[in-house]
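Hi everyone, thanks for coming.

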Amino acid sequence: MILKCAAAALIFIVLSLAAGSWSVCLPGDMTDRRIPLPLRFSVGGCLVILLSMLVCLAGAPFSLPAQTAFGIMIAVLVPACIAGIAVERKKGIKAGPVARLHIRIADIVLIVIAVILFVIQVTVVLNFDFEQTGSLRCIPAATAVYDSGRLFMADPMMLLEGTLSYVTKIHPLIFICNMTAVPLLLLYYMCYLSVAGCLLGGRSRIFAFIVTELLCIRGYQSEWMIPATLLMSWYGIWVFIVHGLLNIAVIVIIYTAREKEAARYRSWDFEEHEETQEDIPEEWDMKKHKIINARNLAIAIALLTVALLALVFVLNSKINSLHDVTAALQEDMDKRCGLYEFAPADGQTQGYLLKESDGTLTFIGGGPKENAEALKVFLAAYGDSITNWYVYGEDEENSGAMREVISSGAVDAQNIYVLDRKEIDAIK
Amino acid sequence: MLKELFGELYTYHRQLAGSGAILVLFPAALLLLAASRRMWIPLILSPLTAIAAAVTQIIETVFAKKERKALEWARAEEEKASVRMFTGIFTVCLLAFAIILSGEGLIFGDMVTHKYNDMHIPGDLDAAMSGILDECDSPRVLTMPGWGVYFKSYSSAFDMMYDDPYGDDLSFDDEDKWTAYTQLSVLHPDMKKVASVAKRSGCTYIVLSNDIWPEVPVTDFGYETFIKGDMFTVYREVAGP
């Protein structure tokens, strides 16, 4: 199993690094820079998974065989990787760590801490189970692909997992819970490291990455968010979107924004303006030193508004839930036990039906034979078996309906009693 | 009143997005990054990175060395540093407040158990599943709440009587499913009702945890013991004459 996991991780890393060549297409002039390895890996990994999922999703409406889907995946990924490498070579950019990285002892300590935290998380997910089974909800789709050998409309990530399980003849539970843990977790953490690298430099980047790892390990404890937590589930589509695609989107936005700023700065005509602090475009000068300014006030007001709306929403939902619970309780009580009055067309009460909480039915009365049809209709709504039937007398006036209903087979009565309406005077 | 509202908001947010600390940490992080103009807008898409960047910002502010350049620049740097310091202190207090409010926020503890097998299926339930599939190609099974997903993940051949409810939504489209779910959620289930709804739903197999203690075993109601494991027992419907 360890060898299989290592092989899977290695294959994914190689593919990702190859596909990561396309990161040269990120906005910005990269001719004089190297592409950091984490960035290359994260872009390439997300690209590999995205392309593979798209192939599976495209084949799902046609119930494409998993074997065929795998072949198409290879046919798409290999040329994509080769094309990416060709584009990278044409641009003359090399991949590797950022040039002239001065590593001090403090940096090494932080890197070691980051690696240890990653190893701890991988060890936990490989060797422990979580009581929350909500994260497993998507796996049956992969199992269905594995069992049937065909794709169908489902979670794209599970289609991919199922396809790979089918091709490798490894059960999806083993494939997902063991073999994909290391490569996928590594991918998502590299995405976070790349984002941190875009914002911060050197030691700060590593420190921010460690904080991210700690937040991930601390984990979410929400049933709703379980499908997107890195500690409990690393294989769902939502995990890929939240921790992969969105981080790549952040990187693209940051690169684009910086490119625009750089272009604007390059186009700034310094010959016409004296190079003073006041003339430098606002983006390059920290003019605003005050905390209380229009922007921060707007942010504070927006946050307060959101908090107030959230409070109102929560209070409203709490009241609604209390109402729903009360209504449900009342409905449940009505279903479980109750006393129902039998009053035929003439409106005069001729009997009572007592329904107990365990479903036992007891009927008192019934009246003459003329009430039989109405009584059949009345009793049909509650059941066809009366446990105890009490009548006020054996004569036709009091038990005629009862005899007719039972003899016709509409209702079955286990015990029939005649009430002795003997008045007790001694107690008065 | 305000305390109850805040507690309700915290609980609701915890159900929605996990730890209630994120509710405070993320906006605080955005505020700090906005004040320092550290590309805070794109980080709305990456909450964890936003918090991490804000924490790093605080550390940088606390330990930053003042660089002396031209007098004007030095003065601007001092003001900038004081603003960041104030914002940093405010954010640190907010973070401490959020962490204190988080209460029992750690994952580890009762929620984690050592895995039983490579499939991460509890106990030797996989042996039970395998045993059932050896006997029947498309078995219909009634099992404990929360176990259904293991059966469906093991094999798509299993037809479960009910799907485990998700989150707080405990609605079922069938009263028999509701009865089965509620009975098997308690320590002393009414096996007569369980067996009754199972038969009505066509469940040939009932897989029960050995942790429940029914007053009358299900074997009294038309089922026989099929497979007995350490943490579960599989019952099979007795074939009629």
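Let's start with A:Thr387. Leaving aside residues up to four places away in sequence, A:Thr387 touches A:Thr360, A:Leu361, A:Gln414 and A:Asn415. One thing to keep in mind as we go: this is a predicted model.

So where does A:Thr387 sit? You'll find it in strand β5 of chain A. And is A:Thr387 buried or exposed? Its relative accessibility is 18%, and the cut-off for buried is under 20%, so A:Thr387 counts as buried.

Strand β4 of chain A, residues 361-365, pairs with strand β5 of chain A, residues 385-391. The two run in the parallel sense, and three bridges link them. If you want one bridge to look at, take A:Thr362, whose partner in β5(A) is A:Asn388. In general, strands in a sheet pair through backbone hydrogen bonds, parallel or antiparallel.

Zoom out a bit, and here's the whole sheet. It's an open one with five strands, in the order β2-β3-β4-β5-β6 of chain A, and the pairing is mixed. Which strands stand at the edges? Those are β2 (338-342) and β6 (412-418) of chain A. Each has a single partner strand, so one side of each has no neighbour in the sheet. From one strand to the next, the twist averages 20°.

Next, the helices that lie across these strands. Helix α12 of chain A, residues 372-380, lies across β2, β3, β4 and β5 of chain A, at about 160° to β2(A). Helix α13 of chain A, residues 396-407, lies across β5 and β6 of chain A, and its angle to β5(A) is also about 160°.

Okay, chain A as a whole. How many helices and strands does chain A have? The count is 13 helices and six strands. The chain has 428 residues, and 42% of them are buried. If you take contacts between residues at least 6 apart in sequence, 67% join residues at least 24 apart. Chain A exposes about 22,500 Å², with carbon and sulfur atoms supplying 64% of that.

Last stop, chain B. Helix α7 of chain B covers residues 175-183, and its buried residues are B:Asp176, B:Thr179, B:Ala180, B:Tyr181 and B:Gln183. What do they pack against? They pack against β2 (140-143) and α8 (191-200) of chain B.

How values were computed
Residues numbered from 1 in each chain as written. Chains lettered and ligands numbered in written order. Predicted model: local features only at pLDDT ≥ 70, side-chain atom pairs only at ≥ 80, totals over all residues. Heavy atoms only, no water. Helix = DSSP H or I, 4+ residues; strand = E, 2+ residues; numbered from the N terminus. Buried < 20%, exposed > 50% of the residue type's maximum accessible area, 1.4 Å probe, protein only. Contact = heavy atoms within 4.5 Å. Areas by Shrake-Rupley, 256 points an atom, 1.4 Å probe, with all protein chains shown as cover. Pairing = 2+ DSSP bridges. Axes fitted to C-alpha atoms, helices over the stretch in contact; angles between N-to-C directions.
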